[in-house]
Amino acid sequence: SKDGSIWIWKVLSSPVERWEMDYKEEIHAAVKRKTSILQQHHNSNLPSNGSSSNLSKKGQKLAEKNGKETEKLSEKLSATNLYAPVFKPQPYRIYREHGSSVLDLDWSQNGFLVSASMDKAVKLWHVEREQSLKTFLHPDFVTCIKFYPLDDRFFVSGCLDHKCRMWSILDDEVIFESDCQDLITSMVLTPETGEYTIIGTFNGYVYILETYGLQLVSSFHVKDKETQNRPSFQGLSPGAKHHHGPSVTYLQCFNAPDDNSPKLMTVSNDSRVRIFDLKTRKCVEVLRGFESGASQHSAQLVTSAHQ
């Protein structure tokens, strides 16, 4: 959240958990109805006029009526289960240790969570703990963060001081860093192995780094075909034209379903989603349609197999 809090909800991951939640809701509703019936019955006994048998019959009829309503409600609950919620209604954890907006989060495969914030800190959490485990301080806002998928004792962070860093959690120190010469606004690691770290910057540049060592492999600008056509071993030369935007606000790597070739999706605040071939670094598709202005936008690409 903007106030620095992190809210975690538990997913209803099994039929048993969903049944338990529905059962608790039904019990709560039944208790509420029973309380209401008793209250009504109590109130009806207050103005006694000697006809107690009539009052008992009225109470019995009222109970029968409410019993039928309970059955109808149960049927309705069963029907609405088709459109049941995904999460448990109450948060599992609420963390309030960051002093400013949380800008990014990432989960490890073992239930650890890292958070990046405008308070210039990264915090490490575990869902079974009520407080953070460690804090990693940075010189400026930390805009993006990712666990190293091969070993979650390491994570990579991107900071507004232009530097991408790989941290060792156990040693509590930076083991590699790379200067991207621009404000880092987004980051992604290649799927499965995380062999490469890809950085997006405020002025529209994309840097491809070897994750272990953070050595530069190649770089290009999302709108400049000249930078995209350079040999991959060349970085951005000092005399090259310097671009001012658009800011790269989101990155996603995926393998093309037809030939399994690696692709990169970039989202930028010029209201464009671009697809790049990671091997050639050439733009193969530009998707237009949404208008984002200067705001922070992201997209999610999902591939599906055609039967």
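**View 1. Asn260 sits out in the open, in the loop between β15 and β16.** In this predicted model, Asn260 has a relative accessible area of 54%, so it counts as exposed, the cut-off being over 50%. The residue lies in the loop that links β15 to β16. Its backbone deserves a look too: phi is positive, about 60°, although Asn260 is not a glycine. The two strands around it make a hairpin, with six residues between β15 and β16 and Asn260 in the turn.

View 2. Strand β15 covers residues 248–255, and it pairs with β16 in the antiparallel sense over seven bridges. To get your bearings, find Gln252, which stands opposite Met265 in β16. Strand β16 itself runs over residues 262–268. How many of its seven residues are buried? Six of them are, so to speak, under cover, and the strand is mostly covered.

**View 3. The next turn along, from β16 to β17.** Strand β17 (residues 272–277) pairs with β16 over six bridges, again in the antiparallel sense. This is another hairpin, with three residues between the strands. Ser271 is in the turn and has a positive phi of about 65°.

**View 4. Zooming in on Ser268.** Ser268 is part of strand β16. Is Ser268 buried or exposed? Its relative accessibility is 1%, and buried means under 20%, so Ser268 counts as buried. Its side chain makes a polar contact with the side chain of Asp270, at 2.5 Å.

View 5. Step back and the strands line up as an open sheet in the order β15-β16-β17-β18, with antiparallel pairing. β15 and β18 (283–287) stand at the edges; each has a single partner strand, so one side of each has no neighbour in the sheet. From one strand to the next, the twist averages 20°. On the β18 side, four bridges join β17 to β18, and these strands run antiparallel.

**View 6. Another open sheet, β3 to β6.** Here four strands come in the order β3-β4-β5-β6, and the pairing is antiparallel. The edge strands are β3 (102–107) and β6 (134–137), each with a single partner strand, so one side of each is left without a neighbour in the sheet. Neighbouring strands are turned by 20° against each other on average, direction ignored. Strand β5 (residues 121–126) and β6 run antiparallel and are joined by four bridges. Within that pairing, Val122 has Phe136 in β6 as its bridge partner.

View 7. Gln109 is in the loop between β3 and β4 (112–117). With a relative accessible area of 71%, Gln109 is exposed. Even so, Gln109 touches Pro149 and Asp152, leaving aside residues up to four places away in sequence. Asp151 is 42 residues from Gln109 along the chain, and their C-alpha atoms are separated by 9.3 Å.

View 8. Leu214 lies in the loop between β13 and β14 (215–221). Leu214 is not a glycine, yet its phi is positive, about 55°. Where Asn260 is exposed, Leu214 counts as buried at 2% relative accessibility.

**View 9. Inside the nonpolar cores.** The largest nonpolar core has 15 residues, and those with the most contacts inside it include Cys164, Met166, Ile184 and Tyr207. Two or more residues come from each of β8 (154–159), β9 (163–168), β11 (184–189) and β13 (205–210). A second, separate core has 12 residues, among them Ile198, Phe220, Val248 and Leu264.

View 10. The secondary structure comes to three helices and 18 strands. Of the 307 residues in the chain, 39% are buried. The chain exposes about 18,300 Å², with carbon and sulfur atoms supplying 53% of it. Among contacts with a separation of 6 or more, 44% join residues 24 or more positions apart.

Technical notes: Residues are numbered from 1 along each chain as its sequence is written. This is a predicted model: local features need pLDDT of at least 70, side-chain atom pairs count only at pLDDT 80 or more; totals for chains, interfaces and linings use all residues. Side-chain values use heavy atoms; hydrogens and water are left out. Buried means under 20% relative accessible area, exposed over 50%, partly exposed in between (1.4 Å probe, protein chains only). Contact means heavy atoms within 4.5 Å. Accessible areas come from the Shrake-Rupley method with a 1.4 Å probe; for residues, only the protein chains shown count as cover. Two strands pair if DSSP finds at least two bridges between them. A polar contact is a pair of N or O atoms within 3.5 Å; within protein, one must be able to donate a hydrogen and the other to accept it, and residues adjacent in sequence count only if both atoms are side-chain atoms. Axes are lines fitted to C-alpha atoms, for helices over the stretch in contact, and angles run from 0 to 180 degrees between N-to-C directions. A nonpolar core is a set of buried Ala, Val, Leu, Ile, Met, Phe, Trp, Tyr and Cys residues joined through side-chain atoms within 4.5 Å.
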